[in-house]
Amino acid sequence: MNFAFLFAGTVSTNPLMLLLGIFVLTAGHNAGRFGGDYWLQPYLQRNVKPKQKRTPKQTA
């Protein structure tokens with residue numbers, strides 16, 4: 001019941017922003033576990049990242 005009064009506009013849009021912020025944080029956290037980030041990031045790190053070859057330093 002208290003949230004109903006808050007959403008009615010008694011304290012501006014802060015309750016709505018709080019709920020949207022919680023939603024965005026939760027979605028971002030779960031994207032790493034269940035979403036494409038879980039599969040895409042390791043693939044990109046293995047295949048797209050250029051491999052640097054080490055060359056021995058020449059000494060005089």
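Phe3, Phe7, Leu16, Met17, Leu18, Leu19, Leu20 and Ile22 make a nonpolar surface patch of about 750 Å². A patch joins residues with over 30% relative accessible area and no salt bridge, with like charges joined within 9 Å and nonpolar side chains (Val, Leu, Ile, Met, Phe, Trp, Tyr) within 5 Å. Accessible areas come from the Shrake-Rupley method with a 1.4 Å probe, and for residues only the protein chains shown count as cover; a salt bridge is a side-chain nitrogen of Lys or Arg within 4 Å of a carboxyl oxygen of Asp or Glu.

The model is predicted: local features need pLDDT of at least 70, side-chain atom pairs count only at pLDDT 80 or more, and totals for chains, interfaces and linings use all residues. Residues are numbered from 1 along each chain as its sequence is written, and side-chain values use heavy atoms, leaving out hydrogens and water.

Helices α1 and α2 each supply at least two residues of the patch, and α2 gives the most, with six residues. Phe3 lies in α1. Helices (H or I, at least four residues) are DSSP runs numbered from the N terminus.

The axes of α1 (residues 2–10) and α2 (residues 14–34) come within 7 Å and cross at roughly 110°. These axes are lines fitted to C-alpha atoms over the stretch in contact, with angles from 0 to 180 degrees between N-to-C directions. The two helices are therefore roughly perpendicular, the term for 65 to 115 degrees. Phe3, Leu6 and Phe7 of α1 meet Pro15, Leu16 and Leu19 of α2, contact meaning heavy atoms within 4.5 Å. These residues divide into six nonpolar, no polar and no charged.

The axes of α2 and α3 (residues 36–47) come within 4 Å and cross at roughly 60°. That makes α2 oblique to α3.

Methods:
Angles under 35 degrees count as roughly parallel, over 145 as roughly antiparallel, 65 to 115 as roughly perpendicular and the rest as oblique. Ala, Val, Leu, Ile, Met, Phe, Trp, Tyr, Cys and Pro count as nonpolar, Asp, Glu, Lys and Arg as charged, and the others, Gly among them, as polar.
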